[in-house]
Structures are given as C-alpha cells and as structure tokens.
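Me: I'm new to this one, could you walk me through it?
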Amino acid sequence: MSEIVKIFDTTLRDGEQSPGASMTVEEKSYDCKAVRKTSR
C-alpha cells in the first residue's frame, strides 16, 4: 500500500516576518533544496 503525505511548509515566508530575521537568497535556496530532498 502506498501512502502520500503532503507538507505545506511556510517556514521561509514566516521566518522573514519575524523581527530581526532575514535570509539571503543563498540560504533560502539551500533550505528549499533540503526540503525537496526529503519529499522524494
């Protein structure tokens, strides 16, 4: 039996809205790639 799990992650968006928090384009790209690896 195959089970599908969908994850809706708002970490990148929510993190940018935290006071004093910001991410570079490179950091966002790294995080996105890491999430993609776990979703395969």
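Me: Is Val35 buried, exposed or partly exposed, and where does Val35 lie?
Reply: Val35 counts as partly exposed because its relative accessibility is 41%, where buried means under 20% relative accessible area, exposed over 50% and partly exposed in between, with a 1.4 Å probe and protein chains only. Val35 lies in helix α2, helices being DSSP runs of H or I with at least four residues and strands runs of E with at least two, numbered from the N terminus.
Me: What sort of model is this?
Reply: This is a predicted model, in which local features need pLDDT of at least 70 and side-chain atom pairs count only at pLDDT 80 or more, while totals for chains, interfaces and linings use all residues. Residues are numbered from 1 along each chain as its sequence is written, and side-chain values use heavy atoms, leaving out hydrogens and water.
Me: How many residues of α2 are buried?
Reply: Of the 14 residues of α2 the number buried is zero, so α2 lies largely in the open.
Me: And what share of the whole protein counts as buried?
Reply: Of the protein's 40 residues, 0% count as buried.
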